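Reader: I have the sequence and the model open. Can we go through a few spots together?

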Amino acid sequence: MGHRKVMRILGLIVLLVCAALAGGIAAAQDKMEWFRHDKFGMFVHWGPYSLLAGEWKGQRTPAGDEAEWIMQRFNIPVNDYRQMAHGLNPVKFDANRFAKLAKVAGMKYLVVTAKHHDGFAMYHSKVSGYNIVDWTPFKRDIVKELAEACRKEGIRFCVYYSHREDWDDPGGYGNHWDYDPAKKDFEKYLREKSMPQLRELLTNYGPLGLIWFDRGIDTTEQAKRFIDLVHELQPQCLINGRIGNYGHELLGDYQNMNDNGMPTGGLDEYWETPQTLNGTWGYSKFDQEWKTPANVIQRLVEIVSKGGNYLLNIGPMADGTIPAPSVAVLGQVGEWMQKNGESIYGTSACPVGQFPWGRCTVKGERVFLHAFQRPADGVLRVSGLRNEVRAAYMLQAQDRKLELLKQDGVTGVRLPAQGWDSAATVVVLEVKGKPEAEPKPITQGSDSPFHLDYAGCETAGRAMKRFNRDGKFHIGRWTNPEDQVSWRLLVSQPGRYRLRVRYAARAESAGRKYAVELGEQRLENTVEATGDWYQYKSFELGIVTLANKGPLKVLIRPTEAGKQNLMYFESLTLEPETVSGRLGRLD
Ligand code: FHN
């Protein structure tokens, strides 16, 4: 074979390998596409606890308490709870109503509790007879009916599965009143109930959008077994962050905020917050403190403006009815979504942050301003946007262009007197280019230290702003020198400063090298183990000089490539040396 021919064949092989790699990357990205686009999902907490509705032998779970926890709250013996569960007979259940309600509300996915912590399966499980088909007079598979109804309505079907907590099984977590924790065989429970039930759910109900695990698990290795099973049976199915994130390296395809949690914003990764419509997940007859439609709409806007998804719960009653207030609220949310969905679906986080009058989302070259209140003078002021604004109009009246006012770098939009929505009015700005924020330097008062954390930083490369469900924020996923975190400072007090870094690192990251650069100055250091992820410690890095007043770029990054995450970075602080008599304790 001639040299040319060999070269051509080699070239072809390289092309094929590149195409395969690109295909693989595209497939991996595609997996998140629906989640990124859809933003709004329905959570359904339903099980035998709905029959108790917050009351057991005269004892009540008060409004705001989680009624699905009633078995644990009152230490109901397994046998009593099992007897009670025989009575579950949701004769009014119509899966189509659930799927239709989700659709009407503008929700795009539905997550139902296939098994909650009480251990009862709401589907026909062969692994345990303690399930809706074999244990109750109802004898119908709720998960199956919901899966079918959702598919008919174009709602992505997903399941919740409590993989660690199981108050019915002696090996599961949580039941300390019937079972002796010292005798618990958790491995047996994983092997004989939790993993096989997950296999059933992944095998018998068609493609699942995601699996929603809850309350973490003991070890990363255990979490990985669940992850592997999902990947083996349904590689496209997403896994939520609670698969194993309680004090471990974060796993899963996206992260969950804590229940009803709202981050301050500025996150780089996919996230979702599960929230209740009143104060409980499972139905309680004592909890009638429903959120208003305007509150739900504003929460949705706020979450989406920060790049997240909103998973909003309904707790059906034992007879299968969805509580009327939930239906009413979701109906009104849906009316708003019908008109304004364009400003929610497929949008990204607002680069500018939040405004005193509301929030924003962006898509292409459009900025959607969501005004929660009408400013007194009728002018919506938008500061911090770098782009030229070409036009402004109400989403509901796109032909009528609104007057734009420009004053000291602030764009003002004069609002019409009519067409106001009391929950959120959407005004569209058409801008030149991808919407971007004006860089906002971190300023300093007289003598004040700089505290540099995730909030005001810019990330580059793979470095990512992350959080865990305890609401702790950090920078993670950085392994190489191009993975950087930086801040723009505006120094007003030149002088000598003590530099400190605060981070958490496991033993495997110890010894990794990193540098902090402040303009021309550079300090190199080595990562020390702090114990575990989320065990943060502060370290002195030395004295640096901020020589001049004015802008200064500060950055931190690994200095050499490696496989391990550098650290869970929390903050850098620069404290004036003159006030460092109070240098104090490092913990
Ligand atoms: O304990 C559960 C609770 O009952 C409910 O299922 C929520 C939903 O996010 N998750 C757990 C607590 O975080």
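Reader: Start with W177: buried or exposed?

Author: W177 is buried, at a relative accessible area of 18%. Buried means under 20% relative accessible area, exposed means over 50%, and partly exposed is in between (1.4 Å probe, protein chains only). Keep in mind that this is a predicted model: local features need pLDDT of at least 70, side-chain atom pairs count only at pLDDT 80 or more, and totals for chains, interfaces and linings use all residues. Residues are numbered from 1 along each chain as its sequence is written, and side-chain values use heavy atoms, with hydrogens and water left out.

Reader: Where does W177 lie?

Author: In the loop between β5 (156-161) and α9 (186-204). Helices (H or I, at least four residues) and strands (E, at least two) are DSSP runs, numbered from the N terminus.

Reader: And what is W177 in contact with?

Author: Leaving aside neighbours within four places in sequence, W177 touches M71, Q72, N75, I76, P77 and W167. Contact means heavy atoms within 4.5 Å.

Reader: How far is W177 from W34?

Author: Their C-alpha atoms are separated by 43 Å, and the two residues are 143 apart along the chain.

Reader: Switching to helices. How do α6 and α8 pack?

Author: Helix α6 (residues 95-105) and helix α8 (residues 142-153) pack at an angle of about 40°, and their axes are 8 Å apart. That makes α6 oblique to α8. Axes are lines fitted to C-alpha atoms, for helices over the stretch in contact, and angles run from 0 to 180 degrees between N-to-C directions. Angles under 35 degrees count as roughly parallel, over 145 as roughly antiparallel, 65 to 115 as roughly perpendicular, and the rest as oblique.

Reader: Which residues of α6 and α8 meet?

Author: From α6, A95, N96, F98, A99, K100 and K103; from α8, E145, L146, A149, C150, K152 and E153. By class, this contact has six nonpolar, one polar and five charged residues. Ala, Val, Leu, Ile, Met, Phe, Trp, Tyr, Cys and Pro count as nonpolar, Asp, Glu, Lys and Arg as charged, and the others, Gly among them, as polar.

Reader: What about α6 and α12?

Author: α6 and helix α12 (residues 324-340) pack at about 40°, with axes 7 Å apart. That makes α6 oblique to α12. L101, V104 and A105 in α6 meet V327, L330, G331, V333, G334 and M337 in α12. By class, the contact of α6 with α12 has seven nonpolar, two polar and no charged residues.

Reader: On to sheets. What is the strand order in the sheet of six strands?

Author: β11-β12-β13-β19-β15-β16, an open sheet with antiparallel pairing. β11 (348-349) and β16 (397-401) stand at the edges, each with a single partner strand, so one side of each has no neighbour in the sheet. Two strands pair if DSSP finds at least two bridges between them.

Reader: How many bridges between β15 and β16?

Author: Two, in the antiparallel sense, with β15 covering residues 389-394. A hairpin joins β15 to β16 through two residues, and Y393 has K401 in β16 as its bridge partner.

Reader: How many residues of β16 are buried?

Author: Zero of its five residues, so β16 is hardly covered.

Reader: Which helix lies across β11, β12 and β13?

Author: Helix α11 (residues 293-305), running at about 50° to β12 (358-363). β13 is 366-371.

Reader: What order do the strands have in the sheet of three?

Author: β14-β18-β17, open and with antiparallel pairing. Neighbouring strands of this sheet are turned by 25° against each other on average, direction ignored. Four bridges join β17 to strand β18 (residues 410-414), and L404 stands opposite V413 in β18.

Reader: Backbone now. What is phi of K57?

Author: Near 45°, a positive value in a residue other than glycine. Most residues other than glycine have a negative phi. K57 is in the loop between β2 (55-56) and β3 (59-60), and counts as exposed at 68% relative accessibility.

Reader: And phi of N260?

Author: Near 60°, again a positive value in a residue other than glycine. N260 lies in the loop between β8 (255-256) and β9 (271-275) and counts as partly exposed, at 33% relative accessibility.
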